[in-house]
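Please keep the model open beside you as you read.

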Amino acid sequence: MTARKIIIDTDPGQDDAVAILLALASPEEIEVLGITAVAGNVPLALTQKNARIICELANRTDIPVFAGCDAPLKRPLVTAEHVHGKTGLDGPTLPDPTMPLQDAHAVDFIIETLRAHPAGTVTLCPLGPLTNIATALEKAPDIAARIAEIVLMGGAYFEVGNITPAAEFNIYVDPEAADIVFRSSAPITVMPLDVTHKALVTKPRNDAFRALGTPVGEAVALMTDFFERFDKEKYGSAGAPLHDPCVTAYLIRSDLFTGRHINVEIETTSELTLGMTVADWWGVTDRPANATFMGDLDADGFFALLTERLARL
């Protein structure tokens, strides 16, 4: 099996960090061509820095990291320091990166990479707001037909919203960008809150990360220790959901997930439901299906995979 070529588009974020580490620990299945940073959980100056911190934690300074868009297409940036802390990676104490940030803009890297590789061989993995991806699609419409798949974390249906009553954070931050992506005709697989809220880091699961006895295992345990306080208080849950690693895990073990190929539309005009992913789960409209919307996860299998792979780093 040849490794799947991917670009990780991200706004780290502790769960983004775990998603990146899982990808870098899985070279048989995943070849990371580059990491593109976007403003989201924290501003761009921190997300591009955090992406490089994580690469260095994994001893992968060969991965090129690019800075992208520092604000949504049409709106002021909304961030999530209340969840992720002031750095975005609060929890462990990690050194500032020494590896360089690439000179090129993330959007140009995405476009050039899709054009340089055979059509249908590069997968985009957005873990944050979709600003970089939408900007690339707007700037170079020809790339839509070249994308193998867009596997993204974002949206919700049964779990509704985590930043407003109706909207999930990544989609809410830049709903216009999400609308462009979902209308692009590229194959899309969505990891919504419906799935990610089932990927809960309970104490035994976090103890397993810590028991790896490695800098990566300790850092991941400290990250989840930090950001679980928000989810425990908000949801009354047993731990923090690892949203973004669901994207990476799907690339390695798609059998861990189940969902439906349905129509998904993005609300961009309503003040009440701005950023809502209107998912036609029950097929009550005649709108054509444009995304595979995941609905369930084998959580034990997910954490077994994650722990086994993190042990490699």
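1. Before you start. This is a predicted model, where local features need pLDDT of at least 70 and side-chain atom pairs count only at pLDDT 80 or more, while totals for chains, interfaces and linings use all residues. Residues are numbered from 1 along each chain as its sequence is written, and side-chain values use heavy atoms, with hydrogens and water left out.

2. Searching the whole structure gives 2 cavities of 30 Å³ or more. A cavity here is a set of points, on a 1 Å grid over the protein atoms alone, where a 1.4 Å probe fits but cannot get out; lining residues have an atom within 4 Å of a point. Grid points are joined across faces, edges and corners, and a volume is the space filled by probe spheres set on the points.

3. The largest cavity. Its space comes to about 270 Å³. The lining has 23 residues, and V83, H84, N162, F169 and H243 are the closest to the centre. Helices α1 (14-24), α3 (81-84), α6 (169-173) and α10 (215-235) each supply at least two lining residues, and α10 has the largest share, with 5 residues. Helices (H or I, at least four residues) and strands (E, at least two) are DSSP runs, numbered from the N terminus. By class, this lining has 9 nonpolar, 7 polar and 7 charged residues. Ala, Val, Leu, Ile, Met, Phe, Trp, Tyr, Cys and Pro count as nonpolar, Asp, Glu, Lys and Arg as charged, and the others, Gly among them, as polar.

4. The second largest cavity. About 40 Å³ of space lies here, and the lining is made of I6, I8, A19, C125, L127, V247, T248 and L251. By class, 7 are nonpolar, 1 is polar and none is charged.

5. The largest pocket. A pocket is an open set of points with protein on both sides within 12 Å along at least five of seven lines. The largest one holds about 170 Å³ of space. Of its 13 lining residues, I53, T87, L89, P92 and L94 are the closest to the centre. The classes here are 5 nonpolar, 4 polar and 4 charged.

6. The cysteines. How many disulfides (pairs of cysteine sulfur atoms within 2.5 Å) does the whole structure have? The search finds 0. For C69, the closest cysteine sulfur is in C125, 18 Å away, so it is too far for a bond. For C246, C125 again has the closest cysteine sulfur, at 13 Å, which is also too far. C69 is buried at 13% relative accessible area, and C246 is buried at 0%. Buried means under 20% relative accessible area, exposed over 50%, and partly exposed in between, using a 1.4 Å probe and protein chains only.

7. Strand β6. Is β6 (residues 188-191) covered on one face or both? Both are covered: I188 and V190 are buried on one side, T189 and M191 on the other. Two strands pair if DSSP finds at least two bridges between them. Strand β5 (residues 147-153) pairs with β6 in the parallel sense over 4 bridges, and L152 stands opposite V190. Strand β12 (residues 291-297) also runs parallel to β6, joined by 2 bridges, with T292 opposite T189.

Terms used. Disulfide = S-S within 2.5 Å.
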